[in-house]
Amino acid sequence: MNANVVDRIQGYDAGAKVFHWLTVALLLAQYAVGWIMPAVKRGTEPEGWINLHMSIGTTILAVAVLRLAWRLLRGAPDPPADLPRWQHVGAAAIHWLLYGLVIAMIFTGWSFASSRGWTIVVFGLVPMPALFAKGSTIGHDLGELHIAVSWTLLAVAAAHVLAALIHEFVLRDTILRRMLPDSSRERSAAS
C-alpha cells in the first residue's frame with residue numbers, strides 16, 4: 001500500500017476498535033447460542049444454554065453502553081473528504097440503527113425473561129432485576145418482539161458488512177481499514 005494512502009487513513013482509536021470487535025465476537029457467540037439452545041416452552045427453566053444466552057446478552061448490553069459512552073465522549077473520525085455526502089449520512093444512520101437494535105434486542109429479551117418470572121443471573125454471579133412482574137402483559141408483548149428484533153439486527157449488520165466489503169474490494173478506499181485492528185500499526189510503520 002502506498003505510504004501516502006496509509007497516512008491519510010484517519011481510523012478509529014484503539015478503544016473504539018476494541019469495543020467494535022468485542023461486540024462482533026459477543027454477537028456471533030450470542031447468535032450461535034440462541035440458535036442451538038432449546039426452544040422455550042411452558043415450564044422451561046432458564047438453565048444451561050438459556051442461562052448462557054441471557055448472560056451473554058447482559059454482557060452485550062454492558063459493552064454496548066460502554067461503547068456508546070465512548071462514542072459520545074470520543075466521537076468518530078471524520079469521513080474521508082472524497083466520500084459522497086449520501087454515503088456519510090447513510091453510514092451514520094446505520095451505525096446509530098445498529099446501536100438501537102442491539103439495545104432493543106437486549107431489552108426485549110430481558111422483558112421476555114422477566115415476564116416469565118425468570119431471574120437473570122449473569123454467569124451465575126450477578127443477579128439482574130426484573131424489568132416487569134411475572135405474567136406482565138407488557139413484558140410478554142415486548143418479549144414477543146425479541147426474535148423479530150434479532151433478525152432485523154442480523155439483516156442490518158449484514159448490510160453494514162456488505163457495505164464495508166464493497167468499500168474495500170470494489171471502491172478500493174480506506175473505509176474498512178479505519179476499523180481494522182492493525183490499521184494504526186500500518187500508519188505508524190509508514191511514517
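**Charged and nonpolar side chains in a predicted model**

Good morning. Phenylalanine 169 is exposed, with a relative accessible area of 54%. Please keep in mind that the structure before you is a predicted model. Phenylalanine 169 belongs to helix α6, which covers residues 146-169. On the surface, Phe169 is part of a nonpolar patch together with Val161, Leu162, Leu165, Ile166, Val170 and Leu171. Together, these residues have about 660 Å² of accessible area.

I turn now to the charged side chains. How many salt bridges are there? The count comes to two.

One of them joins arginine 74 to aspartate 13, with the closest N and O atoms 3.3 Å apart. Arginine 74 lies in helix α3, whereas aspartate 13 sits in the loop between α1 (3-8) and α2 (14-36), so this pair ties together parts that are 61 residues apart in sequence. Is arginine 74 buried or exposed? Its relative accessibility is 52%, so arginine 74 counts as exposed, the cut-off being over 50%. Aspartate 13, at 24%, counts as partly exposed.

Glutamate 168 and arginine 177 also form a salt bridge, and here the closest N and O atoms are 3.3 Å apart. Both glutamate 168 and arginine 177 are buried.

Finally, I ask you to look at arginine 71, in helix α3 (residues 49-74). Arginine 71 is buried, yet it has no salt bridge. Which side chain of opposite charge is nearest to arginine 71? That is aspartate 78, at a distance of 9.7 Å. Leaving aside residues up to four places away in sequence, arginine 71 touches Ala76, His95, Trp96 and Tyr99.

Thank you for your attention.

Conventions
Residues are numbered from 1 along each chain as its sequence is written. This is a predicted model: local features need pLDDT of at least 70, side-chain atom pairs count only at pLDDT 80 or more; totals for chains, interfaces and linings use all residues. Side-chain values use heavy atoms; hydrogens and water are left out. Patches are made of residues with over 30% relative accessible area and no salt bridge: like charges are joined within 9 Å, nonpolar side chains (Val, Leu, Ile, Met, Phe, Trp, Tyr) within 5 Å. Accessible areas come from the Shrake-Rupley method with a 1.4 Å probe; for residues, only the protein chains shown count as cover. A salt bridge is a side-chain nitrogen of Lys or Arg within 4 Å of a carboxyl oxygen of Asp or Glu. Helices (H or I, at least four residues) and strands (E, at least two) are DSSP runs, numbered from the N terminus. Buried means under 20% relative accessible area, exposed over 50%, partly exposed in between (1.4 Å probe, protein chains only). Lys and Arg count as positive and Asp and Glu as negative; His and the chain ends are not counted. Contact means heavy atoms within 4.5 Å.
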